[in-house]
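These are my notebook entries on a structure that I had not examined before. I set down what I looked up, entry by entry.

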Amino acid sequence: MPKKVICRKYKKELDGMEKPPYPGPKGEDLFNNVSQKAWDEWLEHQKMLINEGQLNLADRESRNWLNEQMELFLSGEDYACLLYTSDAADEGLGVDLGGRR
């Protein structure tokens, strides 16, 4: 049975993760303060950001931006929501129009 945590995103007690998602202090912080529900939602959102934003994870700036988005998403603050214009979609360009959730 998973342990309970006070979820940083939902501000209530929910089931925690079975193990830290990353090694080290960052993983321990997530493990102790983020619910499995919030983590699963982040993984889906992260996938969308990577695919639709065509992020190159070999690029340090892209990884840093993605980590910033993770912190915002899991804290319950505004986070990026990528949107496309038809011209940008035709050219395969992701456009962040400042959409926030």
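Entry 1: The model is predicted, so local features need pLDDT of at least 70 and side-chain atom pairs count only at pLDDT 80 or more, while totals for chains, interfaces and linings use all residues. Residues are numbered from 1 along each chain as its sequence is written, and side-chain values use heavy atoms, with hydrogens and water left out.

R8 forms a salt bridge with D29, and the closest N and O atoms are 2.9 Å apart. I take a salt bridge to be a side-chain nitrogen of Lys or Arg within 4 Å of a carboxyl oxygen of Asp or Glu. D29 sits in helix α1 (residues 24-33) and R8 in the loop between β1 (4-6) and β2 (13-15), so that distant parts of the chain, 21 residues apart, are linked. Helices (H or I, at least four residues) and strands (E, at least two) are DSSP runs numbered from the N terminus. D29 is also partly exposed, at 30% relative accessible area.

**Entry 2: the other salt bridges.** How many salt bridges are there by this rule? The count comes to 4. One of them joins the side chains of K26 and E71, at 1.8 Å from N to O. K26 belongs to helix α1 and E71 to helix α3 (residues 60-75), so this pair ties together parts that are 45 residues apart in sequence. K26 is partly exposed at 35% relative accessibility, and E71 is partly exposed at 31%.

E44 and K47 also meet in a salt bridge, 3.1 Å from N to O. Both residues lie in helix α2 (residues 36-52), 3 residues apart, about one turn of the helix.

**Entry 3: the core.** I then turned to the largest nonpolar core, which has 17 residues. Such a core is a set of buried Ala, Val, Leu, Ile, Met, Phe, Trp, Tyr and Cys residues joined through side-chain atoms within 4.5 Å. Helices α1, α2 and α3 each supply at least two residues of this core, and α2 gives the most, with 5 residues. The residues with the most contacts inside the core include L30, W42 and M70.

L30 touches R8, M17, P21, Y22, W39, M70 and L74, not counting residues up to four places away in sequence. A contact here means heavy atoms within 4.5 Å.

**Entry 4: helix α3.** Which residues of α3 are buried? I noted S62, L66, Q69, M70, F73, L74 and S75. What covers the buried residues of α3 includes α1 and α2. Just after α3, G76 takes a positive phi of about 85°.

The residues of α2 that meet α3 include W39, W42 and L49, and their counterparts in α3 include W65, L66 and F73. The axes of α2 and α3 come within 10 Å and cross at roughly 145°; axes are lines fitted to C-alpha atoms, for helices over the stretch in contact, and angles run from 0 to 180 degrees between N-to-C directions.

**Entry 5: the whole chain.** Buried residues make up 31% of the 101 residues.

Notes. Buried means under 20% relative accessible area, exposed over 50%, partly exposed in between (1.4 Å probe, protein chains only).
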